[in-house]
Amino acid sequence: MTDLTSLTIAEARDKLKAKDFTAVELTDAYLSAVDAANAALNVYVAVTPEKAREMAKASDDKLAAGKAGALEGIPLGVKDLFAVRDVHTQACSHVLDGFKPKYESTVTQNLWDEGAVMLGKLNMDEFAMGSSNESSYYGPAVNPWRENGSDRKLVPGGSSGGSAAAVAAHLCAGATATDTGGSIRQPAAFTGTVGIKPTYGRVSRWGIAAYASSLDQAGPIARDVRDAAILLKSMASVDAKDTTSIDLPVPDYEKAIGQSLKGLKIGIPKEYRVDGMPEEIEKLWAQGVAWLKDAGAEIVDISLPHTKYALPAYYIVAPAEASSNLARYDGVRYGLRVDGKDIADMYEKSRAAGFGSEVKRRIMVGTYVLSAGYYDAYYLKAQKVRTLIKRDFETVFHEGVDAVLAPITPSSAFEIGDKELAADPVKMYLQDVFTITVNMAGLPGLSVPAGLDGKGLPLGLQLIGKPFDEETLFKTAYAIEQAAGKFSPAKWW
């Protein structure tokens, strides 16, 4: 029998229905794989074997009764940002020490309603602030990919590093993730997986620890384009508890897979050709253009003139919202409490001990840009820039462009503890240079593996779509996937 953990969600779904194996057998195969690999990869911060087996048993009953949901018996990992009732939910921060919520996030509830099985909570950058998974209180997750002939440990990207690494290493069939400035797409690119950040409002944010509320959006990381489509269909919904969620029917994204690209107009933004861009990224981008042309799409050059302002504007808007959102972690009601001589002292000590350095840095930046005398100069100006970025995309889509093809990352995965990046936070922030515009404009963006670099590490391409037109991204990404093939790391763990 094939190794059960090597099956895609689509394959496992069909084999479960055909009774080739049971949901309990599939879940046990994943739990054994996690048990064997987690010490080396550090992708799970909490494993829930009893809960997983109980859910798998319930799935077997439903499968036997012919009442299977869309994800019946499929074992998934959950990013530690999503609240799961009575299960460790700490956003990988010490400030939420011991927190187990008494409620369930809408996204995870949607997945359990469809029959998915929960394996555990996945590692991530603390409060989703980071591009490398190195700011986690539980230490960095490790990328299952290695450079040719090297055993250096590489980052899986961030903030959804645990989700991407677990999917790439076959330690879950798929995973939930979130994207505020590239946190689904960049780790997907670093690990050879597929990740989609849906349109803002497509997926409920209720029950997900907030970083920057006007930018955060949940989505899946999966092994291939079809699996990502299957997962997004189950995750997406309107939600009365999240007033920013949109009441639009959720399409069957899987039906878009394999559709023709004839007549599709793909835009290539000249502003994404940044100075010092590695030749390998340039070549990959040109290869992507050639593949889409071969598949019948029309390629046009476009301009998104305000792209160069996106990074500085993002690093004003996101920290400003974070400083407001993270004010609730004060040691009073839940999480870490460090006693002080009075309540103000307790607040200060709890936060000083509870938050890591990257989170503190962003809270400080956010508090500064919102302070009297600076609000107009920084925050208000950044919001105006955001409007212009959104308008750039609207103009391009109005002119008939269906999707935009661009790079995702300026390089492949880098080493854990990279001294140059650790010494200069701005260099780390530049990891997000290609992904941030999508969040600022609230658009859907998808990362699809497109090749390996000279060191044997995966590289991805990014597709950006019109609001609520994820279907075009799935069918276009599928054409790239068919041309590029799929990529898996050689097992060393």
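First, my terms: on a 1 Å grid over the protein atoms alone, a pocket is an open set of points with protein on both sides within 12 Å along at least five of seven lines, while a cavity is a set where a 1.4 Å probe fits but cannot get out; lining residues have an atom within 4 Å of a point. I join grid points across faces, edges and corners, and a volume is the space filled by probe spheres set on them.

The model is predicted: local features need pLDDT of at least 70, side-chain atom pairs count only at pLDDT 80 or more, and totals for chains, interfaces and linings use all residues. Residues are numbered from 1 along each chain as its sequence is written, and side-chain values use heavy atoms, leaving out hydrogens and water.

Entry one, the largest pocket. I get a volume of about 530 Å³. Its lining has 26 residues, with Pro278, Pro410, Ser411, Leu421 and Gln431 nearest the centre.

I count 3 of 30 Å³ or more. The largest cavity has a volume of about 80 Å³, and among its 15 lining residues Gly130, Ser131, Ser183, Tyr314 and Asp432 lie nearest its centre. For the second largest cavity I have about 40 Å³; its lining includes Arg223, Glu481 and Lys486.
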